[in-house]
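Student: I would like to go through this model and ask what stands behind each label.
Tutor: Go ahead; look at the structure first.

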Amino acid sequence: QVQVAESGGGVVQAGGSLRLSCAASGSTWTTYGLGWFRQAPGKEREFVAAIDWLGVTTSYADSVKGRFTISRDRAGSTVALQMNSLKPEDTAVYYCAAGSRPAVSNAVALYDYWGQGTQVTISS
């Protein structure tokens, strides 16, 4: 079983930057597609960014394009989300997810393993 853990959440001012990281334990996800999702109170979990197993193909939600960057290391053991020009509406719990499929996906249902989430709060 794949275990996922996020880190790097915190409180930052609007316009600032934050980098989230995610790592797997007890297994390898070198051939898995990886993604980041977020969920604000009272709202559904929404797609943020995804990357394929080779770390070549990426996909971003329209709301974060040009501001966020997803990446993974060469071994495929970690995935990161660099968040720049943060806005108050970016405030949410951010989740890292891994899917047994190697391709990029923005669908929650296609991811098999999820982290516990890390809180990101953007203040004005």
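Student: How many helices and strands make up the secondary structure of the protein chain?
Tutor: This is a predicted model, and its chain has zero helices and eleven strands. From the N terminus on, the order is β-β-β-β-β-β-β-β-β-β-β.

Student: What makes the radius of gyration agree with a compact globule?
Tutor: For 124 residues, a compact globule would have a value near 14 Å; the protein chain has 13 Å, so the two agree. The C-alpha trace spans about 40 × 25 × 20 Å along its principal axes.

Student: Which residues have the most contacts inside the largest nonpolar core?
Tutor: They are Trp29, Trp36, Val79, Leu81, Met83 and Tyr94, in a core of 34 residues. Strands S3, S4, S5, S7, S8, S9 and S11 each give two or more residues to this core. Beyond its neighbours within four places in sequence, Met83 is in contact with residues including Leu18, Leu20, Phe68, Tyr94 and Val120.

Student: Why is Trp53 called partly exposed?
Tutor: Its relative accessible area is 39%. Buried means under 20% and exposed means over 50%, so a value in between is called partly exposed. Trp53 lies in the loop between S5 and strand S6 (58-60).

Student: What makes Trp53, Leu54 and Val56 a patch?
Tutor: Patch residues need over 30% relative accessible area, and nonpolar side chains are joined within 5 Å. Trp53, at 39%, is over that cut-off. Together with Leu54 and Val56, Trp53 forms a nonpolar surface patch with about 330 Å² of accessible area.

Conventions. Residues are numbered from 1 along each chain as its sequence is written. This is a predicted model: local features need pLDDT of at least 70, side-chain atom pairs count only at pLDDT 80 or more; totals for chains, interfaces and linings use all residues. Side-chain values use heavy atoms; hydrogens and water are left out. A nonpolar core is a set of buried Ala, Val, Leu, Ile, Met, Phe, Trp, Tyr and Cys residues joined through side-chain atoms within 4.5 Å. Buried means under 20% relative accessible area, exposed over 50%, partly exposed in between (1.4 Å probe, protein chains only). Helices (H or I, at least four residues) and strands (E, at least two) are DSSP runs, numbered from the N terminus. Contact means heavy atoms within 4.5 Å. Patches are made of residues with over 30% relative accessible area and no salt bridge: like charges are joined within 9 Å, nonpolar side chains (Val, Leu, Ile, Met, Phe, Trp, Tyr) within 5 Å. Accessible areas come from the Shrake-Rupley method with a 1.4 Å probe; for residues, only the protein chains shown count as cover. A salt bridge is a side-chain nitrogen of Lys or Arg within 4 Å of a carboxyl oxygen of Asp or Glu. The radius of gyration is taken over C-alpha atoms; the globule rule is 2.2 Å times the number of residues to the power 0.38.
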